[in-house]
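User: Could you walk me through reading a few features of this model, beginning with how a helix starts?

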Amino acid sequence: GFCLCSLARINVCRWGQAYRLIKTKSPQPKVRESTQMRHVQLKAPGTENLVLAEVERPKPGPGEVLVKVHAASINYRDFLIAMGFYGSPGLTLPLVPLSDGAGQVVEVGDGVTQIQAGDRVTSLFWQDWTDGFATGTNRSISTGCEAPGMLTEYALLPDSAVARFPDNLSYDEAATLPCAGRRPCVETRRC
């Protein structure tokens, strides 16, 4: 068989661990500007096509939150996407992989009222499914596929695509919830 963790060799990773596991072709700068961040991009199918990229840190717009990612986890769909075995009309490369992650909100955009800076949150698998029955129209944007994923230092997400998690959970534990517990996460978002 194969190891589902072969994508990054670990189930749950902190940013430093992921950084050490990704091979880069150019040396990394020792000092970075505070407006920069790193994320992993999948350029083409195959784990050999995961590259570390340095980009501008995004600013949240209306209805968005910026999350400092502390942990990300790998699920089976992430593996299928990385290997090129997952077809989705909205999937375009390059993409930032991994649908599941947890971190702390560092900034919120205009109009965000339910989430605030300092909240510990986990990403939600379906960014556009907040309630009701799942349909093709309210369940079409998923983190790490149609939208950028969580293998990044900072994730820019709609405020409807994050949920606070209980204080008794670590970031590592909370990072495993989005795919496995996507419906309960949607409900706990309102607590």
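Analyst: Look for a polar contact, meaning a pair of N or O atoms within 3.5 Å; within protein, one must be able to donate a hydrogen and the other to accept it, and residues adjacent in sequence count only if both atoms are side-chain atoms. Here, at the start of H2, a side-chain oxygen of asparagine 75 comes to within 2.8 Å of the backbone nitrogen of arginine 77. Helices (H or I, at least four residues) and strands (E, at least two) are DSSP runs, numbered from the N terminus. This is a predicted model: local features need pLDDT of at least 70, side-chain atom pairs count only at pLDDT 80 or more, and totals for chains, interfaces and linings use all residues. Residues are numbered from 1 along each chain as its sequence is written, and side-chain values use heavy atoms, with hydrogens and water left out.

User: Why is helix H2 largely enclosed by the rest of the structure?

Analyst: Buried means under 20% relative accessible area, exposed over 50%, partly exposed in between (1.4 Å probe, protein chains only). Six of the eight residues of H2 (residues 76–83) are buried, so the helix is largely enclosed. The buried ones are Arg77, Asp78, Phe79, Leu80, Ile81 and Ala82.

User: Which strands do the buried residues of H2 pack against?

Analyst: Contact means heavy atoms within 4.5 Å. The buried residues of H2 pack against strand S2 (36–42) and strand S4 (64–73).
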